[in-house]
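Please consult the sequence and the coordinates alongside the text.

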Amino acid sequence: QVRLVESGGGLVQAGGSLRLSCAASGSIFRINAMGWYRQAPGKQRELVAGITSGGSTNYQDSVKGRFTISRDNAKNTVYLQMNSLKPEDTAVYYCNADVKRAAIGAAQTYWGQGTQVTVSS
């Protein structure tokens, strides 16, 4: 089995910063893409940022220039540095990872349990 555990959420004032971490553990052969999603109350889950195994990144337009996604392949960990936070960034943030558990066979997508980020005005 594969487990993703997020950390780093919390309460911050507008303009502040937070750094989220997500560590994958378990039966892992290789991790392909990793990403961060968020879901605000009453809204659908949306992609915030993604990163490939080679380090290519993509971002939702609303966070470009404020958020930075990175990963440490040796630690099977993905990070999300969030700066200049706004109240509209308030949501539960989830990480996901596309994981191959063996050299053969397809990769599967796994999700973390989520971490709350609250930005006060």
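**Strand pairing and overall architecture**

Strand β5 (residues 46-51) runs antiparallel to β4, and five bridges join the two; strands pair if DSSP finds at least two bridges between them. The model is a predicted one, in which local features need pLDDT of at least 70, side-chain atom pairs count only at pLDDT 80 or more, and totals for chains, interfaces and linings use all residues. Residues are numbered from 1 along each chain as its sequence is written, and side-chain values use heavy atoms, with hydrogens and water left out.

**Pairing around strand β4**

- Strand β4 (residues 30-39) also pairs with β9 in the antiparallel sense, over eight bridges.
- R38 has Y93 as its bridge partner in β9, and in β5 R38 stands opposite E46.
- Six residues lie between the strands in the hairpin of β4 and β5, where G42 takes a positive phi near 75°.
- As a general point, side chains in a regular strand alternate between the two faces of the sheet.

**Composition and dimensions of the chain**

- The protein chain contains zero helices and eleven strands; these are DSSP runs numbered from the N terminus, with helices being H or I of at least four residues and strands E of at least two.
- Along the sequence, the order of elements reads β-β-β-β-β-β-β-β-β-β-β.
- The radius of gyration of the protein chain is 14 Å, which agrees with the value near 14 Å for a compact globule of 121 residues; the radius is taken over C-alpha atoms, and the globule rule is 2.2 Å times the number of residues to the power 0.38.
- Taken along the principal axes, the C-alpha atoms fill a box of roughly 50 × 25 × 25 Å.

**Burial, surface and contacts**

- Of the 121 residues, 39% count as buried, where buried means under 20% relative accessible area, exposed over 50% and partly exposed in between (1.4 Å probe, protein chains only).
- The protein chain exposes about 6300 Å², of which carbon and sulfur atoms supply 47%; the areas come from the Shrake-Rupley method with a 1.4 Å probe, and for residues only the protein chains shown count as cover.
- Among contacts (heavy atoms within 4.5 Å) with a separation of 6 or more, 56% involve residues 24 or more positions apart.

**The disulfide**

- The count comes to one disulfide, defined as a pair of cysteine sulfur atoms within 2.5 Å.
- C22 and C95 form this link, with their sulfur atoms 1.9 Å apart.
- Because C22 lies in strand β3 (residues 18-26) and C95 in strand β9 (residues 91-100), the pair ties together parts that are 73 residues apart in sequence.
- The link of C22 and C95 is right-handed, with 40° about the S-S bond.
- Both C22 and C95 are buried.

**Residue S21**

- S21 is located in strand β3, and its 19% relative accessibility is why S21 counts as buried.
- Setting aside neighbours within four places in sequence, S21 is in contact with V5, E6, S7, W36, V78 and Y79.

**Residue V119**

- V119 belongs to strand β11 (residues 115-120), and V119 counts as buried because its relative accessibility is 6%.
- Apart from neighbours within four places in sequence, V119 is in contact with V12, Q13, A14, L85, K86, P87, D89 and T90.
- A distance of 8.9 Å separates the C-alpha atoms of V119 and A91, which are 28 residues apart along the chain.
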